[in-house]
Amino acid sequence: MRETARGWTAVWLVVLALAQTAAFLVVWRFAVHTELGQWLDTVALTGNRIGQDRIDGPGNRILNAMSVVSLLAVTAMIGFIALIRGRKALAVTATLLIAGANVSTQLLKRYLERPDYGIDPERAAAGNSLPSGHTAVAASVAIVLILVLPPKLRVAGAFLGAGYAAAAGVATLSAGWHRPSDAVAAFLVVGAWAALASLVLLFFQREQAVVSPADAHRAAAAVLGLAGALALVVSALALSWLVDRSTIPVEELTRRPLFIGYAGSAAGIAGTIAVVAALVLAVVHRLVPRRKG
């Protein structure tokens with residue numbers, strides 16, 4: 001029975017890894033390699049000026065707190081949490097998840113190409129910016145927290161972590177650092193790495209591990225996932241409304257479509273990380289179970 005459950009969990013994790021990789025490819029192809037995708041991204045990025053003076057301060061504080069040094073410090077802290085819980089494999093896997101997600105994000109951003117369709121000439125010289133490095137940092141830390149925190153703190157960690165990662169993703173848009181697709185792509189990269197790391201944890205799971213239903217956070221995962229799905233629906237509706245206006249140059253758009261593009265994209269960013277975090281929360285009790293004795 002236990003081996004059967006582990007087998008189905010492994011199959012589910014493989015499906016998640018493939019699905020999030022496929023979603024990343026779809027986002028990349030549409031947002032970067034189609035004129036409509038670039039236009040929608042540019043509308044959202046142009047709409048960030050609406051109310052920017054009120055959110056500039058908090059957004060900059062979130063972004064400026066992210067650096068290589070801070071990431072190393074947080075990674076060390078997370079590893080320490082896993083070690084004091086006696087989880088050596090978890091400490092190593094969590095560290096590899098953070099490193100893998102962030103290194104691959106930087107490599108993708110460097111080597112993926114962005115064709116110039118003349119839609120955003122002001123930023124054409126900057127080239128490709130997908131996926132967002134700052135967003136990947138926040139998301140990888142958020143997901144790893146769900147894995148390393150003890151059962152009693154997982155739900156709080158999941159909601160706080162997802163909220164922080166969402167705020168970081170929206171902050172990159174509000175500050176004009178990244179397009180919304182950059183943040184969404186970063187979340188999907190982290191999600192795919194989380195699924196792979198989860199497979200490693202499952203493989204090295206000890207025989208004395210006991211999967212307890214009491215540690216399953218089904219209700220919390222459902223709430224987080226449904227909230228994320230609702231945000232994605234709102235985002236899809238907002239962007240669908242904009243599609244009918246895609247023949248209008250971005251600089252000629254009025255305040256209303258610019259705001260809808262910005263708000264709809266922000267909803268998409270928040271919804272993506274909520275779903276990714278919910279998927280991890282739903283299965284973490286099988287990845288880091290209790291031990292006999």
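Analyst: The unreviewed UniProt entry places the feature "transmembrane region" at residues 7-31, 62-83, 90-108, 128-149, 156-177, 183-204, 216-239 and 259-284. The model itself is predicted. In it, residues 90-108 are 100% helix and 0% strand, and the end C-alpha atoms of that span lie 26 Å apart. For residues 183-204 the figures are 95% helix and 0% strand, with 32 Å between the end C-alpha atoms.

The largest pocket comes first. About 510 Å³ of space lies in this pocket. Its lining is made up of 24 residues, and those nearest the pocket centre are Val27, Val184, Leu232, Gly268 and Thr272. Two or more lining residues come from each of α1, α2, α8, α9 (218-243) and α10. The largest share belongs to α10, which gives eight residues. By class, the lining of the largest pocket holds 15 nonpolar residues, eight polar and one charged.

Rolling a probe the size of a water molecule over the atoms shows where empty space is left. Two cavities reach 30 Å³ or more. The largest cavity has a volume of about 70 Å³. Around the largest cavity, α1 (2-33), α8 (180-203) and α10 are the elements that give two or more residues to the lining. The residues that line the largest cavity are Leu13, Leu16, Gln20, Gly191, Ala194, Ala195, Ser198, Val276, Leu279, Val280 and Val283. Eight of the lining residues are nonpolar and three are polar, with no charged residue.

Helix α2 (residues 35-46) meets helix α10 (residues 255-287) at an angle of about 100°, and their axes are 7 Å apart. At that angle, α2 is therefore roughly perpendicular to α10. On the α2 side the contact is made by Val43, Ala44 and Thr46, and on the α10 side by Pro257, Leu258, Gly261, Tyr262 and Ser265. Five of the contact residues of α2 with α10 are nonpolar and three are polar, and no charged residue takes part.

The contact of α7 with α9 has six nonpolar residues, with no polar and no charged ones.

On from there, helix α7 (residues 151-174) also packs with α6, at an angle of about 175° and with the axes 8 Å apart. This angle makes α6 roughly antiparallel to α7. From α6 the contact takes His134, Thr135, Ala138, Ala139, Ala142 and Ile146, and from α7 it takes Arg154, Ala158, Gly161, Ala162, Tyr164, Ala165, Ala168, Gly169 and Thr172. The contact of α6 with α7 has nine nonpolar residues, five polar and one charged.

One backbone detail remains. Most residues other than glycine have a negative phi, and most peptide bonds are trans. The peptide bond from Leu130 to Pro131 is cis, with omega near -5°. Pro131 sits in the loop between α5 (88-111) and α6 (133-148).

Terms used
Residues numbered from 1 in each chain as written. Predicted model: local features only at pLDDT ≥ 70, side-chain atom pairs only at ≥ 80, totals over all residues. Heavy atoms only, no water. UniProt positions renumbered as here; feature names shortened; annotations may be inferred. Helix = DSSP H or I, 4+ residues; strand = E, 2+ residues; numbered from the N terminus. Axes fitted to C-alpha atoms, helices over the stretch in contact; angles between N-to-C directions. Parallel < 35°, antiparallel > 145°, perpendicular 65-115°, else oblique. Contact = heavy atoms within 4.5 Å. Nonpolar A, V, L, I, M, F, W, Y, C, P; charged D, E, K, R; others polar. 1 Å grid on protein atoms, 1.4 Å probe; cavity = no way out; pocket = protein on both sides within 12 Å on 5 of 7 lines; lining within 4 Å. Points joined across faces, edges and corners; volume = space filled by probe spheres on them.
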